[in-house]
Amino acid sequence: MSDQAAAISPSEAAELEVESHTPYLKVWFGLLVFTLVEYFYARIFKDHFTFLMLGLLFLAIVKACMVGWYFMHLKFEKPWVYFMIVPALVFAAILTLALCPDMVLKYDEAEDEANEPQTTTAQLIGERPSFAVATVVNPD
């Protein structure tokens, strides 16, 4: 064993000693803490929609960055990877903002039912339709 240890250069020895991956349990615990913060934040600001959405969106972005940075190993990637990630993030932001009018214009069923005329098919015809049954007699 001592012969193999002596055969390793100092740069290779330093490379072997460096931890190549992050401590996953610490990151997982951090994500757990952020999830608990989101829960209590939502309970506190449930009556203030704007503050609630902005805060939860910020915390979700922080958690997504932690997952990407550590669990998807983006921390160890070359800079060319960001040329693929940035356009995807821009596209995701555009799609999210395209849904904002749907969030603002909430559908009110009570208002829709009040403005809709209450007519049925029988009222349109004027009477209840009758169905005649045809009998076919076989002349054999």
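Is Phe-40 buried, exposed or partly exposed? Phe-40 is partly exposed, with a relative accessible area of 49%. That value sits under the cut-off, because exposed means over 50%. Keep in mind that this is a predicted model.

Let's move to the aromatic rings. A search of the whole structure turns up four aromatic pairs. Take Tyr-24 and Phe-71. Their ring centres are 5.5 Å apart and their planes meet at 15°, so this pair is stacked. The pair links distant parts of the chain. Tyr-24 belongs to helix 3, residues 24–44. Phe-71 belongs to helix 4, residues 49–71. Tyr-24 is partly exposed, at 31% relative accessible area. Phe-71 is partly exposed, also with 31%.

Back to Phe-40. Its ring pairs with that of Tyr-39. The centres are 5.1 Å apart and the planes are at 75°, so this pair is edge-to-face. Tyr-39 counts as partly exposed, at 44% relative accessibility.

Tyr-41, Phe-45 and Phe-51 make up one aromatic cluster.

What is the volume of the largest pocket? It is about 430 Å³. The lining has 15 residues, and the closest to the centre are Ile-61, Ala-64, Cys-65, Ile-85 and Leu-89. Which elements give two or more residues to that lining? Helix 4 and helix 5, residues 82–98, do. Helix 5 gives the most, with seven residues. By class, the lining has 13 nonpolar residues, two polar ones and no charged ones.

How values were computed:
Residues are numbered from 1 along each chain as its sequence is written. This is a predicted model: local features need pLDDT of at least 70, side-chain atom pairs count only at pLDDT 80 or more; totals for chains, interfaces and linings use all residues. Side-chain values use heavy atoms; hydrogens and water are left out. Rings of Phe, Tyr and Trp (its six-membered ring) pair if their centres lie within 6.5 Å; planes under 30 degrees apart count as stacked, over 60 as edge-to-face and the rest as tilted. Helices (H or I, at least four residues) and strands (E, at least two) are DSSP runs, numbered from the N terminus. Buried means under 20% relative accessible area, exposed over 50%, partly exposed in between (1.4 Å probe, protein chains only). On a 1 Å grid over the protein atoms alone, a cavity is a set of points where a 1.4 Å probe fits but cannot get out, and a pocket is an open set with protein on both sides within 12 Å along at least five of seven lines; lining residues have an atom within 4 Å of a point. Grid points are joined across faces, edges and corners, and a volume is the space filled by probe spheres set on the points. Ala, Val, Leu, Ile, Met, Phe, Trp, Tyr, Cys and Pro count as nonpolar, Asp, Glu, Lys and Arg as charged, and the others, Gly among them, as polar.
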